Amino acid sequence: MTGRLIAREVRRGLHGTAWLPVAFFLLIATVVPFAVGPDPRLLARIGGGALWIAALTAALLPVERLIEPDRADGMLDQLTLWGMSEEAIGAAKVVGHWLTFGPLLLLSAVPGSFLVGLDGSALFRSLMSLAIGTPALAALSVAVAALTSGLPRAGALAGLLMMPLAVPLVIFGAAATGDSNSAALKLEAAVALLMVAGSPFVAGAAIRAGRT
Amino acid sequence: MSHLFKGQALTLVRGGRLLFEGLDLHLAAGEALHVTGPNGSGKSSLIRLAAGLLNPNAGRIDRVAVSMADESLSLDRELPLGGALAFWNGPLLQQAMTAFALDALAHVPVRLLSTGQAKRATLARVMASGNQLWLLDEPLNGLDRKGVEELDAAILAHRKAGGAVLAASHLPIGGEWRTLELGA
């Protein structure tokens, strides 16, 4: 059943709004040079951070469609009756969401890096940092979606909840785009691992607690 | 006789209100129990309790694998009905679709189904699961006379094959049922 659920998540993600976070990501990357000016040295210094802010805000967009529609439609209940634990549902959601979010975001990070003035080895480092970071962003999205599902104005609340939780990821992720000698990439990987491993349990507990 | 469902001394409090206390509930193979009672007496809560989606405040439940049909559809609206039902991977899907006259609707997108057709789809999912114990919450809602006949026939066949049904409804259901009145 887990495989079927992952396949369904991918289908639904691609069917609907998978391009929306990507378009949002590129839009923010486009706006940055307008906001801070076209100075290449300045852009190269802040480019990695700008990309991460773009990725984080893009990750917020799909939060409302990840868990709430399935909760409201009884899908989560039926999956439980079919023998899936709530944690397995959370894990399948993380994998399914990452498959439609991560690769597309990485792809668009190439033009995005050029827009904020990163090239050469800086481009490679920003791609590495985002490749490690996107699973964590997907995991965080699913956990926050489960925590806020069923609440009024869940979208705004999800933003308030997700931004602070993503701070460690952004600190190390953005640092990893800047300096190839620092241990930031390893620390980012550690934070990402913690989020990916913890998210199914948070989501599972939230799904159970949200049952009426 | 072995029990498919055995609830002992079940107590459920919801929203600060005691719905029932010390309720014993047994269902053996071939049995059917009709839970009745006024609105808000805890019929749906009892179904969700039996499904394991709610935990009793006291008492314990032993049961076999169950299938549940309630007011929620749980089918992907953008898919054709056949594909949406197939997601649930029920071993008896073909028989179930025929039993509830859904064959002709297999290619219709779920979002275009009428209330009664959607209800039949949720009942077909229960039948397709092949599980021995069916939990039906207000199964007659939205069904036309033909739909009610299909449901009665499906329940009868299921009980003959050794299954059991726990149904909550404020309407009478065809066939022989034990009844349990809540909130009396």
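Predicted model: local features only at pLDDT ≥ 70, side-chain atom pairs only at ≥ 80, totals over all residues.
The secondary structure of chain A consists of 11 helices and 0 strands, so that, read from the N terminus, its elements follow one another as α-α-α-α-α-α-α-α-α-α-α. The C-alpha atoms occupy a box of roughly 55 × 30 × 30 Å along the principal axes, and the radius of gyration of chain A, 17 Å, agrees with the value near 17 Å that a compact globule of 212 residues would have. Of these 212 residues, 47% count as buried, and among the contacts in chain A between residues at least 6 apart in sequence, 83% join residues at least 24 apart.

Within chain A, helix α7 (residues 86-115) packs against helix α11 (residues 184-209) at an angle of about 125°, the axes lying 7 Å apart; the two helices are therefore oblique to each other, and their crossing is right-handed. On the α7(A) side the residues in contact include Ile89(A), Gly90(A) and Val94(A), while those of α11(A) include Val196(A), Phe201(A) and Ile207(A). By class, the residues of this contact divide into 8 nonpolar, 3 polar and 4 charged.

Between the chains, 12 residues of chain A are in contact with 14 residues of chain B. On the side of chain A that touches chain B, the elements giving two or more residues are α1 (2-15) and α6 (75-81) of chain A, of which α6(A) provides the largest share, 5 residues. This side of chain A comprises 3 nonpolar, 4 polar and 5 charged residues.

Note on methods
Residues numbered from 1 in each chain as written. Chains lettered and ligands numbered in written order. Axes fitted to C-alpha atoms, helices over the stretch in contact; angles between N-to-C directions. Helix = DSSP H or I, 4+ residues; strand = E, 2+ residues; numbered from the N terminus. Parallel < 35°, antiparallel > 145°, perpendicular 65-115°, else oblique. Left-handed = near helix turned anticlockwise from the far one by under 90°. Contact = placed C-beta atoms within 7 Å. Nonpolar A, V, L, I, M, F, W, Y, C, P; charged D, E, K, R; others polar. Rg over C-alpha atoms; globule rule 2.2 N^0.38 Å. Buried ≥ 20, exposed ≤ 12 C-beta atoms within 10 Å, placed from the backbone.
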